[in-house]
Amino acid sequence: MKKFLLIATFYSFAAFSSEDHPLKDTYWLAEDSIISIRECDARLCGVMEHIFAEEGEDPLGILDTNNPEEDLRTRPLIGIRLLDSFNPFPKKGIYKDGLIYDPRSGKSYKGKLFLIDEFTLKVEGCIAFLCQGVQWDALEVKVSSDGSRSATLLRDRDKNNANS
């Protein structure tokens with residue numbers, strides 16, 4: 001039995017890492033930030049890459065001040081996992097078994113991700129049976145040789161290509 005479990009675990013990890021997964025290595029425009037979805041410990045996670053700050057405010061200076069753990073309140077929000085431990089294999093188009101961290105409240109919620117289409121991801125946090133969600137828009141992020149990045153909404157890029 002142990003041998004079977006080990007083989008099944010290895011097979012599922014290998015299938016995830018070699019597959020071209022629709023959410024892996026993607027970027028999304030949230031309300032006031034850019035999130036990258038990537039593989040973390042053979043699961044899917046979402047990392048805050050950029051925050052749209054007020055004029056003159058350093059995005060790296062925006063801290064996790066509402067975190068319930070006092071020692072984490074001084075860490076920058078950029079680089080933290082907002083999405084964590086999502087099953088990389090959707091069931092009926094729904095990614096489950098993950099947690100969503102809300103830095104505004106400092107709380108984590110059970111979460112679900114719905115890939116509506118190639119341009120739209122619905123991110124839903126739940127307490128018991130009550131769920132609330134927001135939609136994120138897919139981005140194409142390009143990195144220049146100097147390390148600077150630019151982002152384009154995929155929906156707009158595809159519209160522009162169709163009109164060319």
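1. Start with the lining of the largest pocket. Its residues divide into 18 nonpolar, 7 polar and 6 charged. Keep in mind that this is a predicted model. The space in this pocket comes to about 800 Å³. Its lining counts 31 residues.

2. Which residues lie nearest the centre of the largest pocket? They are Tyr101, Asp102, Pro103, Arg104 and Val134. Now look at the elements around them. Those that give two or more residues to the lining are β3 (43-51), β5 (94-102), β7 (120-127) and β8 (130-143). Strand β8 supplies the largest share, 7 residues.

3. Follow Arg104 next. Arg104 forms a salt bridge with Glu31, and the closest N and O atoms are 3.8 Å apart. The two partners sit in distant parts of the chain, 73 residues apart. Arg104 belongs to the loop between β5 and β6 (107-117). Glu31 belongs to the loop between β1 (26-29) and β2. Is Glu31 buried or exposed? Its relative accessible area is 69%, over the 50% mark, so Glu31 counts as exposed.

4. Side chains of opposite charge can pair when their charged atoms come close. The count here is 10 salt bridges. One of them joins Arg75 to Asp64, with 2.9 Å from N to O. Both residues lie in the loop between β3 and β4 (81-86), 11 residues apart. Their surroundings can be compared by accessibility. Asp64 has 0% relative accessibility, which is under 20%, so Asp64 is buried. Arg75, at 28%, is partly exposed.

5. Another salt bridge links Arg81 and Asp84, whose closest N and O atoms are 2.9 Å apart. Arg81 is partly exposed, with a relative accessible area of 36%. Asp84 is partly exposed too, at 25%. Salt bridges can also share partners. Glu31, Asp32 and Arg104 are joined into one network in this way.

6. Turn to Ser33. Ser33 lies in strand β2 (residues 33-40).

7. Thr120 is part of strand β7. Its relative accessibility is 6%, under the 20% limit, so Thr120 counts as buried. With neighbours within four places in sequence left aside, Thr120 is in contact with Trp28, Phe114, Leu115, Gln135, Trp136 and Arg155.

8. Finish with the nonpolar core. In soluble globular proteins, nonpolar side chains tend to be buried together. How many residues does the largest nonpolar core have? The number is 24. Those with the most contacts inside this core are Leu23, Leu83, Leu113, Leu121 and Trp136. Strands β2, β3, β4, β5, β7 and β8 each give two or more residues to this core.

9. Leu113 shows how the chain comes together here. Not counting residues up to four places away in sequence, Leu113 touches Leu23, Leu83, Phe86, Gly93, Ile94, Tyr95, Leu121, Lys122 and Val123. Among these, Leu23, Leu83 and Leu121 are also listed with the most contacts inside the core.

Key. Residues are numbered from 1 along each chain as its sequence is written. This is a predicted model: local features need pLDDT of at least 70, side-chain atom pairs count only at pLDDT 80 or more; totals for chains, interfaces and linings use all residues. Side-chain values use heavy atoms; hydrogens and water are left out. On a 1 Å grid over the protein atoms alone, a cavity is a set of points where a 1.4 Å probe fits but cannot get out, and a pocket is an open set with protein on both sides within 12 Å along at least five of seven lines; lining residues have an atom within 4 Å of a point. Grid points are joined across faces, edges and corners, and a volume is the space filled by probe spheres set on the points. Helices (H or I, at least four residues) and strands (E, at least two) are DSSP runs, numbered from the N terminus. Ala, Val, Leu, Ile, Met, Phe, Trp, Tyr, Cys and Pro count as nonpolar, Asp, Glu, Lys and Arg as charged, and the others, Gly among them, as polar. A salt bridge is a side-chain nitrogen of Lys or Arg within 4 Å of a carboxyl oxygen of Asp or Glu. Buried means under 20% relative accessible area, exposed over 50%, partly exposed in between (1.4 Å probe, protein chains only). Contact means heavy atoms within 4.5 Å. A nonpolar core is a set of buried Ala, Val, Leu, Ile, Met, Phe, Trp, Tyr and Cys residues joined through side-chain atoms within 4.5 Å.
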